[in-house]
Amino acid sequence: MNRFMYYLLFVNMTANMISAVPKILLNERLNGAIPSMLLSVIFGFIIVYSFVKFFNKFPEKGFPELLKEYAPSWFYYPFLTFIIAFWFVGGLITLITYSFMLKRYLTPDMSLLWIASSILIFVSFGILMNTKTVLNTVENILFITIPVIIYMMIKPFFSDQFEWDFVREAIMHTNHLPNYSAFSASSFVYVGVMNIIIFNRAFTQKKRRLTWKQLLLIGVTGISVLSAAYFIPIGLNGFNHIDHLVYPAITTSDTLRMKYGLIERLIYLFMPFFLAISFLSMLIHWHVAIETCKDFIWFKRFQWKKMNLTPYLYLAVFWMITLKLITALSEYKLLLYSSYFFNAVPFQIVIFLLVCWFIKRRAKA
């Protein structure tokens, strides 16, 4: 499997450690959160295997091209609209969530509009790059951040403040049926592979067949990220009333200290490095959305000095929607609407897989 596929998966997995996913899992800790996480691993295997196998048959082709070539014309534009909305909302949730976090923990006197605008400036520059450049950017940033993130995921388990009794108490609640909200939120960590619908254009050679070892590595990484997002807050804050924490990952990181580090409080290391991961997540999601917008409507005459301004028009729409929503939403509403989005994800994935199956049949015919 192409190494960039691992990057797309890892970015989505780690970015969801600070999104609404841990909060949803902790809210459902008494209602089958752990069985839901285990079930999501199986669903994640299906997602990864299906998408990688499908796009292996169409090297250098994105999903919009395949849709245009093999799907009926009446289906093309509605499904592109669905893709744009799905990926735009995926990046939007990350951006608004991190804006709220920055205001609460690092810049309380700064306006949310200024925080969001500052993030949007950097993201806007990135999403307009070509697909190969975006992948190289993701690779370079991950090369720096991965060791630190792995350290921050492992360190809490060896902290003197970590109480394994709380973890054992949480494990005792495995005798429940899986909860749909927890399952859908857990499944979202594997959705990163779906970014291949655009990034497949940059994969110039056929990738090798996906082996069971690669699937095992992806499954172990996914369950490790989910376990860290779920058990670390419980081990450091207790099992009861853990759902009262607004941002479990951030609050938990502030309980840890690095005795011999240049920066003692882990939160000051946690925030910038996860900001980098969140930036990559937004960059990937919105790059897919912008590239799909180009296939949706392209204004040939909308030019200035021989440069087509259509992508900038779509980018302006993204800005307006984001800045409008960030002033209208509260942290409670953000969590509520994020849970609605996650609950819809499994159905959307099933629809996507059915369309892939249809295209594959038409291609064979």
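Student: What should I know before I start?
Tutor: This is a predicted model, in which local features need pLDDT of at least 70, side-chain atom pairs count only at pLDDT 80 or more, and totals for chains, interfaces and linings use all residues. Residues are numbered from 1 along each chain as its sequence is written, and side-chain values use heavy atoms, with hydrogens and water left out.

Student: How many helices and strands are there in the protein?
Tutor: The protein has 15 helices and 2 strands. Helices (H or I, at least four residues) and strands (E, at least two) are DSSP runs, numbered from the N terminus.

Student: What radius of gyration does the protein have?
Tutor: The value is 21 Å, which agrees with the radius near 21 Å that a compact globule of 365 residues would have. The radius of gyration is taken over C-alpha atoms, and the globule rule is 2.2 Å times the number of residues to the power 0.38. Along the principal axes, the C-alpha atoms fill a box of roughly 60 × 45 × 35 Å.

Student: How many of the residues count as buried?
Tutor: Of the 365 residues, 55% count as buried. Buried means under 20% relative accessible area, exposed means over 50%, and partly exposed lies in between (1.4 Å probe, protein chains only).

Student: And the exposed surface?
Tutor: The protein exposes about 17100 Å², and carbon and sulfur atoms supply 65% of that area. Accessible areas come from the Shrake-Rupley method with a 1.4 Å probe; for residues, only the protein chains shown count as cover.

Student: What about contacts along the chain?
Tutor: Among contacts between residues at least 6 apart in sequence, 84% join residues at least 24 apart. Contact means heavy atoms within 4.5 Å.

Student: Changing topic, how much space lies in the largest pocket?
Tutor: The largest pocket holds about 240 Å³ of space. On a 1 Å grid over the protein atoms alone, a pocket is an open set of points with protein on both sides within 12 Å along at least five of seven lines, whereas a cavity is a set of points where a 1.4 Å probe fits but cannot get out; lining residues have an atom within 4 Å of a point. Grid points are joined across faces, edges and corners, and a volume is the space filled by probe spheres set on the points.

Student: Which residues line the largest pocket?
Tutor: Among them are Tyr 6, Phe 10, Met 153, Leu 217 and Thr 221. The elements that give two or more residues to this lining are α1 (3–15), α7 (131–154) and α11 (212–237). The largest share, 5 residues, comes from α11.

Student: What classes of residue are in that lining?
Tutor: The lining has 10 nonpolar, 2 polar and no charged residues. Here Ala, Val, Leu, Ile, Met, Phe, Trp, Tyr, Cys and Pro count as nonpolar, Asp, Glu, Lys and Arg as charged, and the others, Gly among them, as polar.

Student: How many cavities of 30 Å³ or more does the structure hold?
Tutor: The structure holds 3 of them. About 160 Å³ of space lies in the largest cavity, which is lined by 17 residues, with Met 17, Met 152, Ile 232, Ala 249 and Phe 270 nearest its centre. Two or more residues of that lining come from each of α7, α11, α12 (248–253) and α13 (267–296). By class, the lining of the largest cavity has 15 nonpolar, 2 polar and no charged residues.

Student: And the second largest cavity?
Tutor: The second largest cavity has about 60 Å³ of space. Its lining residues include Asn 12, Gly 90, Ser 281 and His 285. α5 gives the most to this lining, with 3 residues, and the lining divides into 4 nonpolar, 7 polar and no charged residues.

Student: Is Ser 36 buried or exposed?
Tutor: Ser 36 is buried, because its relative accessible area is 0%. Ser 36 is found in helix α3 and touches Pro 178, Asn 179, Ala 182, Phe 183 and Ser 186, not counting residues up to four places away in sequence.

Student: What is the phi of Glu 60?
Tutor: Glu 60 has a positive phi of about 65° although it is not a glycine. Glu 60 is in the loop between α3 (33–56) and α4 (63–70), and counts as partly exposed because its relative accessible area is 46%.

Student: And His 241?
Tutor: His 241 has a positive phi near 65° and is a residue other than glycine. His 241 lies in the loop between α11 and α12 and, at 56% relative accessibility, counts as exposed.
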